[in-house]
Amino acid sequence: MDNLQLKKYANEVRKGIVTSTHAAKAGHPGGSLSAADVFTYLYFEEMNIDPKDPEKADRDRFVLSKGHTAPGLYAALANRGYFPVEDLTTLRKLGSYLQGHPNMHIPGVDMASGSLGQGISAAVGMALGAKLDGKDYRVYTLLGDGEIQEGQVWEAAMFAGFRKLDNLVVIVDNNGLQIDGPVDKVCSPYPIADKFKAFNFNVVEIDAHDFDQIRSAFKNARETKGMPTCIVLHSVKGKGVSFMENNADWHGKAPNDEEYAKAMEDLAKIDAELA
Amino acid sequence: MADVKKIATRESYGNALKDLAEEFPNLVVLDADLAGATKTGIFKKAYPDRHIDCGIAESNMMGIAAGLSLSGKIPFASSFAMFAAGRAFEQVRNSIGYPHLNVKIGATHAGLTVGEDGASHQCNEDIALMRTIPGMVVMCPSDDIEAKACVRAALEHVGPVYIRFGRAAVPVINDKPDYKFEIGKGQIVREGKDVTIVATGIMVDSAIQAAEKLAADGIDAEVINICTIKPLDKDIIVNSAKKTGKVVTCEEHSVIGGLGSAVCDALAEEYPVKVKKIGMQDVFGESGSASDLLKKYGLDGEGVYKQVKEFV
């Protein structure tokens, strides 16, 4: 798929994020928008998956370790055909299958998540399972840069590096902001790349919003043997919606009606540029 | 009791894993640097490629077990109860319980009889923690035979299971031709009419000893072995309470949240009677030999005898 088409899908994913969190009057748009391009790339280009058969044996797996950015994952899954895009407006509502954080009842979700630091361990377990069985499926997991403050992340990283799980890709969305503010003011996780290198990872740092760089990073990961890969995404929290960009206030806040209209205008402009 | 065969249930655990490995080819065993102590080392020696040492990182081990189960394996994750149920509680809750994965947790060194290591390692809270997780099966075997039966039952059951094993050698009490194990079924090991003693794990033996002494005093105690604390065999307890009108619970665990609480929950709803809960009375343990500790905290046969007699 060419970059233009990926950009169009990514913009649809962003609309889904804004629309679902607006409808829910809650949710986490900031970190969903920063990861919208990587969600799009994973589900539309990178992973061996089948929306018609979400539990297909030996499919590639994805674990959203930063589970609060479920609106981004759900928007990608819906646009990829796992369930109707219209259902995104049921996010977080009583009776909806689109829970506030991913669970096992959502088509396409490979692992429940939301309690930070835990998803990466499950992804490591899946990657180990593939190795034990001599299967060639790959496992991807997405973490927040605030999330890597959790000690369990480093327990998992140590294990993955030691076990040479080259079928595992750990993606860190380094948008620089967490709930209480900038990550390097709260409890700095930097340097991120050096830390993963020290845990025996192949590390690639890229612009999270450049599909050429995303493509080449995942290619690099596939070609790397004998060690897991960590892709550090230099991203913009709230990317695509002008007033949400680089603003920690939009970590876990939904747009009101007026803000929703403004956000959709911003995204319509991107559509116009891509047309 | 010198002629009675004794074996620690952790030893039974390690042996059962090895014995069942061929029958359950998807079984893999995880440990956190305690394979010698948890006895998963017995499995490791026979099946080194199916034993995964995660290092001293129990939280990650639970997540890896979750991921392995999603790859079609049946993982048994092993550590001391303190770390499996205590440190990794939230991982067990969110990464195993909530997605209802087919992960088995083999927790050894549970309760007071950890002994000399002292209170930091004597987990008297694991039953309470594990039974609050929806869908979690919680078992606490009383001897070698029951411990092995629990491991097999856990492998045959689809869904998360927690099994509590002990460090100290305990008498074999279930070597009877009619012994049959089923998840969720209690067993009347001694029939009686004056008082019901409901016991779990190594306390079944103490309860039997107490019942024998009570009989000499003219008190006819019924002893029920509850291996599966969740789901609880409510019928066997309620029916016995209807007969005796008095219930005593015995556990090598805190009286808060464990077997005693589970039994009280059941009785309160269906047939309220007076209940005496024998166990750790909201205190931490201390260093000492297993037998000295059981004696000090009133959990040996004599201690149970005295407390039941007083209650009756």
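Which residues are exposed on the other side of helix 10 of chain B? I will come to that after some ground rules.

This is a predicted model, in which local features need pLDDT of at least 70, side-chain atom pairs count only at pLDDT 80 or more, and totals for chains, interfaces and linings use all residues. Residues are numbered from 1 along each chain as its sequence is written, while chains are lettered from A and ligands numbered from 1 in the order in which they are written.

Now the helix. Helices (H or I, at least four residues) and strands (E, at least two) are DSSP runs, numbered from the N terminus. Helix 10 of chain B covers residues 234-244, and its buried residues are Ile237(B), Ser240(B), Ala241(B) and Thr244(B). They sit on the same side of the helix, because they cover an arc of only 105° around the axis; the arc is that of the directions from the helix axis to the C-beta atoms. On the other side, Asp235(B) and Lys242(B) are exposed. Buried means 20 or more other C-beta atoms within 10 Å of the residue's own, exposed means 12 or fewer, and C-beta atoms are placed from the backbone.

The cover over the buried residues includes strand 10 (195-199), strand 11 (221-225), strand 13 (246-254) and helix 11 (259-270) of chain B. Just after helix 10, Gly245(B) has a positive phi of about 75°.

Next, the domains. Chain B is divided into domain 1 (6-171) and domain 2 (187-311), with bounds from an automatic or database domain assignment. Their C-alpha centres lie 25 Å apart. In contact (C-beta atoms, placed from the backbone, within 7 Å) are 27 residues of domain 1 and 30 residues of domain 2.

Technical notes:
Two residues are in contact if their C-beta atoms, placed from the backbone, lie within 7 Å.
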